[in-house]
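Visitor: Could you walk me through one residue and its surroundings, step by step?

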Amino acid sequence: MPGWEGALIQFSFIGMALGLALALPAYLRRRRPKAFTARGADGTRTAVSWAAAVAAIVGLTWLHWAVGDTLGVAHPAERNTNEYPLSGVGAFWALAGSAAV
């Protein structure tokens, strides 16, 4: 396979992932608007604040690892440079989920 063809295939997967990441929440918000209000059937606030707190703690822990600290890492000597951006991506999504809740 030529290099340009592989690049086009990879960009198409990236485009599809971004499209789904944007379209799915928009669709769910239109389809089930009550699921995003954080209110129960009787109008009281549901317990989603604990979920936001847990997601924030997980996101901050991953962010802590993404900047290079090894506190809590099982084998810090075995970490390579690939783990820093991966931890950063995990931190971003956990914090985004926390903010969304």
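Visitor: Is serine 87 buried or exposed?
Guide: Keep in mind that this is a predicted model. The relative accessible area of serine 87 is 14%. A residue counts as buried when that value is under 20%, so serine 87 is buried.

Visitor: Which backbone oxygen does the side chain of serine 87 reach?
Guide: Let's start with where the residue sits: serine 87 belongs to helix α3, residues 83-100. Its side chain comes to 2.9 Å from a backbone oxygen, and a polar contact needs such atoms to be within 3.5 Å. The oxygen belongs to glutamate 83.

Visitor: Leaving aside neighbours within four places in sequence, which residues is serine 87 in contact with?
Guide: Good thing to ask! Helix α2 meets α3 through residues including Trp62, Trp65 and Ala66, and Ser87 is among the α3 residues there. With those sequence neighbours left aside, the contacts of serine 87 are Trp62, Trp65, Ala66 and Arg79.

Visitor: How do α2 and α3 run, roughly parallel or roughly antiparallel?
Guide: Two packed helices are described by the angle between their axes and the distance between the axes. Here α2, residues 49-66, packs with α3 at about 160°, and the axes are 7 Å apart. Angles over 145 degrees count as roughly antiparallel, so α2 and α3 are roughly antiparallel.

Visitor: How many charged residues are in the contact of α2 with α3?
Guide: Let's sort them by kind. The contact of α2 with α3 has 13 nonpolar residues and five polar ones. Ala55 and Leu95 are among the residues that meet there. As for charged residues, the contact has no charged ones.

Definitions and conventions. Residues numbered from 1 in each chain as written. Predicted model: local features only at pLDDT ≥ 70, side-chain atom pairs only at ≥ 80, totals over all residues. Heavy atoms only, no water. Helix = DSSP H or I, 4+ residues; strand = E, 2+ residues; numbered from the N terminus. Buried < 20%, exposed > 50% of the residue type's maximum accessible area, 1.4 Å probe, protein only. Polar contact = N/O pair within 3.5 Å; in protein donor to acceptor, adjacent residues only side chain to side chain. Contact = heavy atoms within 4.5 Å. Axes fitted to C-alpha atoms, helices over the stretch in contact; angles between N-to-C directions. Parallel < 35°, antiparallel > 145°, perpendicular 65-115°, else oblique. Nonpolar A, V, L, I, M, F, W, Y, C, P; charged D, E, K, R; others polar.
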